[in-house]
Amino acid sequence: QAAAQRLVESQLSSSSDDEDDDDDDHKDGKRGKILASTFTIYTDQTGGDAAGLVRTGQYVSDLFQSGALTCLICIASVKRTQPVWSCSSCFSLFHMPCIQKWARDSVFLVSSVTDEDFGQKQHPWPCPKCRAEYPPSATPNRYMCYCGKLQDPPADPWLVPHSCGSVCQKELKPSCGHTCLLLCHPGPCPPCPKMVSVSCMCGKAKPLPRRCSNKAWSCQQQCGRLLPCRQHMCSQPCHTECADCPRVSLQRCVCGRETAKRPCASPQWSCQQVCGALLSCGNHTCEAVCHDGVCPPCPRSVSRSCPCGKTKSSLPCTEEVLPCGDTCDRPLSCGQHTCSMRCHRGSCETCRQVVEKECRCGKHRKLMPCHKEYLCDSKCPQTRSCQRHQCRRKCCPGNCPPCDQSCGRTLGCRNHKCPSVCHQGTCYPCPESVEVRCACASTVLVVPCGRERSTKPPRCKEPCRVPPSCHHLTRETHRCHPGPCPPCTQPCLLPLPGCSHTCPQPCHDLVLVPLAGPWEQPSEPAFVKKALPCPPCQVPIPTACFGEHEVSPVLCHHQGRFSCTRPCGRPLACGNHSCIRECHLVTDSNKVMTSLGQLMNSACFHVNCQISPCPPCSQMIRQRCHCKMSMLYVECTKLTSADEQTKVELGSCNNQCPKELSCGHRCKQVCHPGVCEEKCQQKVKLRCPCKRIRKVHTCLTNAHELLNKVVTE
């Protein structure tokens, strides 16, 4: 369980993580306030275009965040201490070694494809992101700050990374004659903050102080300027340039034949009718479509010739020039032969002479009509400019066209393929951007494609929306976070079995339990989420003992009356004595009192046998035997329930009695109570007083009687 707790603390969100997030949010908010105060002079008085300002602020904010900027060539983070190069068009940052290699490779590839004399021409190289072209002389070879004043700017924690810390002083765009007032910064310069005195757009109002970046303003008076139609006045509010006249008027066409309602903005229009006016020759009419000015001269009134052009003629325009009858001799479309027909009108026929032609690739020759092109079926084996695919064009003359296949190589992002036409060298970086969202998708972080795998989800201030996985209706309030939610710490509050209380322990519906046993040593700790049962109820319940001598707190799962180990003390049925048993439960007073009275009359008064219903007494009584030589242990129940003869047997050690009789011999009986019988059966040898006769007789009384009898005889 301790190992599971350590795993929970290391892998899941904790209160310490929330505190760290709070600290980070505090830092982010403080950074945002600093940037806002820096840009205050640009946004206080006018509502000008702040797009450039927002972009500059975003660049500065990203530079202060670790891993926020990415080099699109190597798809790695741009760190504070690494030399970088910034594009002057899109302001993207690249590692200095990456952009230098990119520029060299780009120039080499273009030169190898286009230069006959390789390396003699100066070819530009493009920015990897915006494709802005730079001359070879602009290849970065020094690490400069953003404004270009300081080489190798030191890493200062109090300045923007890669900045020299001095005033930018770049010329603002659009050019207004002022320079940037911010400290050396990444991204575009913000709009000009200078105050200038300018008049309104129509020039009627007095000049007012305005921001240079937003100096155009309208006085809202009617413009009143004459429109290009030269008929109407502009009725729009104050503006810069008047638009075309929106009104409609009757206007004649160019030739003046038709009149129609047309917009004043387009007074020149054609009716699309043939002019038909009599030309200067007096014989023909103008064939041009509706036009203005004088009609052109008659095309037949100029010097003319026969169709082949050999014979000149000065006939009037009313007569046709006839063919001269000579050979045409005009060059045919093949460019090698002339027309062999007589002078004729119209175009010449195609060349039908049979000549030996060489194919386009120069490998084969064949006799065929001159007007036809000879193409053999040989396919070009040369490699195209991409150096990957063969030309495979039939009868190729050697100038293989550029490869028209798609590149299809996987880009550095590992997500997309190059969409460009097949080419040499390194593909351009992936132009796509990927949104990295938090768990609830409320907060979005846009990163270059390929960085989403190494970018942590953005911190979100919204509450976590994951539904609870335990029996509680809602989770404890915590912020949106990646990964699984922390374990529920709310009280369980499920009803416990066997009582009316609820479980006070923290929620244990999903608890990490180790899988491996103590004899196994896995490489990594293996745990499984498991629902544990509620522990026994620990609520103390005031409970009286059996004899109601005291009231003590008893745990609910042990609920029930108990013995306080004191003597019972209840009066017995005899009325003279009280119960001396250990505190016990009495359900029927009369029966119990009667049984207690019977027990009190018996000889057994041991405590353990007084718990009703009484079992047979198992106590052993220690007592000496009748002869007092041995110590005996006798069951109490046998001793108290035996008759007199059995009690004598139980009190005997079954050894010979050690007592001496009056005769001096030892008692021959088994251990017995009371006085030994004076009947000694010991054999003794007796002699008469004269010592002549010796007889064997039993001891003591019998022997003396016998001796007296012998003497008297």
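## Surface patch

M620, M631 and Y633 make a nonpolar surface patch of about 300 Å². Patches are built from residues with over 30% relative accessible area and no salt bridge; nonpolar side chains (Val, Leu, Ile, Met, Phe, Trp, Tyr) are joined within 5 Å, like charges within 9 Å. Accessible areas come from the Shrake-Rupley method with a 1.4 Å probe, and for residues only the protein chains shown count as cover.

M631 belongs to strand β22, which covers residues 631–635. Strands (E, at least two residues) and helices (H or I, at least four) are DSSP runs numbered from the N terminus. The relative accessible area of M631 is 31%, which makes M631 partly exposed. Buried means under 20% relative accessible area, exposed over 50%, and partly exposed in between (1.4 Å probe, protein chains only).

## Basis of the model

This is a predicted model, in which local features need pLDDT of at least 70 and side-chain atom pairs count only at pLDDT 80 or more, while totals for chains, interfaces and linings use all residues. Residues are numbered from 1 along each chain as its sequence is written, and side-chain values use heavy atoms, with hydrogens and water left out.

## Cysteines

A disulfide is a covalent bond between the sulfur atoms of two cysteines. With the cut-off set at cysteine sulfur atoms within 2.5 Å, a search of the whole structure finds zero disulfides.

For C422, the closest cysteine sulfur is that of C386, and the 3.5 Å between the two sulfurs is too far for a bond. C422 is buried, at 6% relative accessible area. For C440, the closest cysteine sulfur lies in C438, also at 3.5 Å and too far for a bond. C440 counts as buried, with 16% relative accessibility.

## Salt bridges

Side chains of opposite charge can pair when their charged atoms come close. Here a salt bridge is a side-chain nitrogen of Lys or Arg within 4 Å of a carboxyl oxygen of Asp or Glu, and the count comes to ten salt bridges. One of them joins K310 and D329, with the closest N and O atoms 3.1 Å apart. K310 sits in the loop between β11 (304–305) and β12 (312–313), and D329 in the loop between β12 and β13 (354–358), so the pair ties together parts that are 19 residues apart in sequence. K310 is partly exposed at 38%, and D329 is partly exposed at 38% relative accessibility.

E452 and R453 meet in a salt bridge with an N to O distance of 3.7 Å. E452 is partly exposed at 21%, whereas R453 is exposed at 53%. Another salt bridge pairs R566 with E550, the closest N and O atoms being 3.1 Å apart. This pair links distant parts of the chain, 16 residues apart: R566 is in the loop between β20 (551–555) and α6 (589–601), and E550 in the loop between β19 (540–544) and β20. R566 is partly exposed at 39%, and E550 is partly exposed at 24%. Salt bridges that share partners also join K310, D326 and D329 into one network.

## Surroundings of H508

H508 lies in the loop between β16 (444–448) and β17 (511–514). With 8% relative accessibility, H508 counts as buried. A polar atom of the H508 side chain is 2.6 Å from the backbone oxygen of L532.

Leaving aside neighbours within four places in sequence, H508 is in contact (heavy atoms within 4.5 Å) with residues including C492, C503, L532 and C534.

Definitions and conventions. A polar contact is a pair of N or O atoms within 3.5 Å; within protein, one must be able to donate a hydrogen and the other to accept it, and residues adjacent in sequence count only if both atoms are side-chain atoms.
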